[in-house]
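Please look over the sequence and the model first.

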Amino acid sequence: LEECRSELSAVFDSSSEMGEQIRRARYGHNQQLQAVRQGEEALKGALTDSAAEREACAARLAQAQSVVDVLAASHASQRERERAVAERHDALDEEVHSCLQRLDELSQAQ
């Protein structure tokens with residue numbers, strides 16, 4: 001009987017110790033779950049901020065592209081006007097040269 005009592009006491013002590021270990025494990029597990037939930041919320045916030053920032057960047061990029069397109073069209077138009085002016089200038093130079101040549105010919109003919 002004494003031996004059974006001794007074994008029963010050892011089992012009781014062992015089960016009490018296991019109960020305490022289980023209690024500590026649950027507490028640690030709950031702390032980890034809470035940390036995971038907080039991390040999840042922080043991650044969700046960061047993703048939301050990142051998406052908003054991406055949308056803002058895309059809007060700025062579209063605006064910049066629009067400005068570049070307008071500038072490119074303006075530049076192309078300016079280049080075309082410059083080309084037309086250069087052609088007209090060359091034609092007038094030829095006409096002036098021709099007139100001067102004709103004037104020289106008339107001067108020499110007199």
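The points below go from the whole chain down to single side chains.

This is a predicted model, in which local features need pLDDT of at least 70 and side-chain atom pairs count only at pLDDT 80 or more, while totals for chains, interfaces and linings use all residues. Residues are numbered from 1 along each chain as its sequence is written, and side-chain values use heavy atoms, with hydrogens and water left out. Helices (H or I, at least four residues) and strands (E, at least two) are DSSP runs, numbered from the N terminus.

**Overall form**

- Helix α1 covers residues 2-109.
- The C-alpha trace of the protein chain spans about 160 × 20 × 10 Å along its principal axes.
- The radius of gyration of the protein chain is 46 Å, whereas a compact globule of 110 residues would have one near 13 Å. This radius is taken over C-alpha atoms, and the globule rule is 2.2 Å times the number of residues to the power 0.38.
- Ala35 has its place in helix α1, and its C-alpha atom is separated by 38 Å from that of Leu61, 26 residues apart along the chain.

- Of the 110 residues in the protein chain, 0% are buried. Buried means under 20% relative accessible area, exposed means over 50%, and partly exposed lies in between (1.4 Å probe, protein chains only).
- The protein chain exposes about 10100 Å², of which carbon and sulfur atoms supply 57%. Accessible areas come from the Shrake-Rupley method with a 1.4 Å probe; for residues, only the protein chains shown count as cover.
- Ala35 is partly exposed, at 46% relative accessibility.

**Nonpolar patch**

- Val96, Leu100 and Leu103 make a nonpolar surface patch of about 280 Å². Patches are made of residues with over 30% relative accessible area and no salt bridge; like charges are joined within 9 Å, and nonpolar side chains (Val, Leu, Ile, Met, Phe, Trp, Tyr) within 5 Å.
- Val96 lies in helix α1 and is partly exposed, with a relative accessible area of 47%.

**Salt bridges**

- The count comes to seven salt bridges, each being a side-chain nitrogen of Lys or Arg within 4 Å of a carboxyl oxygen of Asp or Glu.
- Glu20 and Arg23 form a salt bridge at 2.6 Å, N to O. They are three residues apart in helix α1, so about one helical turn separates them. Glu20 is partly exposed, at 30% relative accessibility.
- Glu20, Arg23 and Arg24 are linked in a network of salt bridges.
- Glu80 forms a salt bridge with Arg83, with the closest N and O atoms 2.3 Å apart. Both lie in helix α1, three residues apart, about one turn of the helix. Glu80 is partly exposed at 42% relative accessibility, and Arg83 is partly exposed at 39%.
- Arg102 and Glu105 meet in a salt bridge at 3.8 Å, N to O. These two residues are also in helix α1, three residues apart, about one turn of the helix. Arg102 counts as partly exposed at 48% relative accessibility, and Glu105 does at 44%.

**Cysteines**

- The structure holds zero disulfides, a disulfide being a pair of cysteine sulfur atoms within 2.5 Å.
- Cys57 is partly exposed, with a relative accessible area of 34%.
- Cys99 is partly exposed, at 48% relative accessibility.
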